[in-house]
Amino acid sequence: MPPDPLVTVTDAAELVAVLAAAGQTVATAESLTAGLLSATIAGIPGASAVLRGGLIVYATDLKQSLADVSADTLATDGPVAASTAEQLAVGARRRCGSDWGIGLTGVAGPEPQDGSPVGTVFLGIAGPQSSEVLRLKLSGDRWTIRVGAVRAAVAELVRSVRGE
């Protein structure tokens with residue numbers, strides 16, 4: 001059987017190891033990646049010790065009802081925004097009872113969305129002490145952009161758990 005393609009292009013094994021060593025857990029709230037991040041983490045043996053769960057919030061209304069993104073944020077900033085990504089991460093962490101939350105929102109294409117060009121991705125990370133948001137500018141087709149977002153999320157969470 002061939003290896004999991006999502007696992008082989010990310011540092012997911014390192015992420016699971018770092019979280020397990022720290023005795024910590026993660027949950028996701030994913031829009032443009034639609035569960036790819038959670039699936040990538042779950043592809044690693046031992047992931048059940050660190051992956052609490054994930055919310056797929058592809059539709060804008062679900063960002064509010066499932067992940068607790070405020071209606072004001074969605075109305076003012078839109079679904080593809082730094083503030084939305086941060087609230088997705090915080091919502092995932094709170095809703096799933098995890099130490100870390102990851103929020104991913106963006107535009108995979110083929111057309112721009114809400115004034116954001118294709119390849120715009122916001123990555124929110126909410127941890128025990130604070131939260132942060134990174135804006136990514138990715139290129140390629142839909143799959144390449146979505147995998148790039150997952151790769152970045154895994155790498156940044158490894159960095160955050162390590163306190164780097």
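**Ground rules**

I am working with a predicted model, in which local features need pLDDT of at least 70 and side-chain atom pairs count only at pLDDT 80 or more, while totals for chains, interfaces and linings use all residues. Residues are numbered from 1 along each chain as its sequence is written, and side-chain values use heavy atoms, with hydrogens and water left out.

**Entry 1: helix H2**

For burial I used relative accessible area with a 1.4 Å probe on protein chains only, where buried is under 20%, exposed is over 50%, and partly exposed is in between.

I looked up which residues of helix H2 (residues 12–22) are buried, and found Ala12, Leu15, Val16, Val18 and Leu19. They lie on the same side of H2, because they cover an arc of only 165 degrees around the axis; the arc is that of the directions from the helix axis to the C-beta atoms. I noted alongside this that an α-helix has 3.6 residues a turn, so residues three or four places apart point the same way.

With contact taken as heavy atoms within 4.5 Å, the buried residues of H2 pack against strand S1 (26–30), helix H3 (36–42), strand S3 (100–106) and helix H7 (142–162). After H2 comes Gly23, with a positive phi near 65 degrees.

**Entry 2: the nonpolar cores**

A nonpolar core here is a set of buried Ala, Val, Leu, Ile, Met, Phe, Trp, Tyr and Cys residues joined through side-chain atoms within 4.5 Å. The largest has 34 residues, and Val26, Leu37, Ile41, Ile102, Leu104 and Leu157 have the most contacts inside it. Two or more residues of this core come from each of helix H1 (5–8), H2, H3, S3, strand S4 (120–126) and H7, and H7 gives the most, with ten residues. Apart from this core I found another of ten residues, among them Ala27, Val57, Leu74 and Cys96.

I then went to Ile41, which is found in helix H3 and counts as buried because its relative accessible area is 1%. Leaving aside neighbours within four places in sequence, Ile41 is in contact with Leu15, Val16, Val26, Ala47 and Leu51.

Not counting residues up to four places away in sequence, Thr40 touches Leu6, Val7, Thr10, Ala12 and Val150.

**Entry 3: the largest pocket**

I searched on a 1 Å grid over the protein atoms alone, where a pocket is an open set of points at which a 1.4 Å probe fits, with protein on both sides within 12 Å along at least five of seven lines, and lining residues have an atom within 4 Å of a point. Points are joined across faces, edges and corners, and the volume is the space filled by probe spheres set on them.

The largest pocket holds about 190 Å³ of space. Of its 16 lining residues, Ser31, Leu32, Tyr58, Gly106 and Gln113 are the closest to the centre, and helix H4 (60–65) and S3 are the elements that give two or more residues to the lining.

**Entry 4: loops and backbone angles**

I placed Pro79 in the loop between H5 and helix H6 (82–96), where it is buried at 9% relative accessible area. Beyond its neighbours within four places in sequence, Pro79 is in contact with Thr60, Lys63, Leu74, Thr84, Thr105, Gln113 and Asp114.

Asp114 sits in the loop between S3 and S4, is exposed with a relative accessible area of 59%, and has a positive phi near 50 degrees although it is a residue other than glycine. Pro110 belongs to the loop between S3 and S4, and a cis peptide bond with omega of about 15 degrees joins Gly109 to Pro110.

Asp68, in the loop between H4 and helix H5 (71–76), is not a glycine but has a positive phi of about 65 degrees, and at 29% relative accessible area Asp68 is partly exposed.

Conventions. Helix = DSSP H or I, 4+ residues; strand = E, 2+ residues; numbered from the N terminus.
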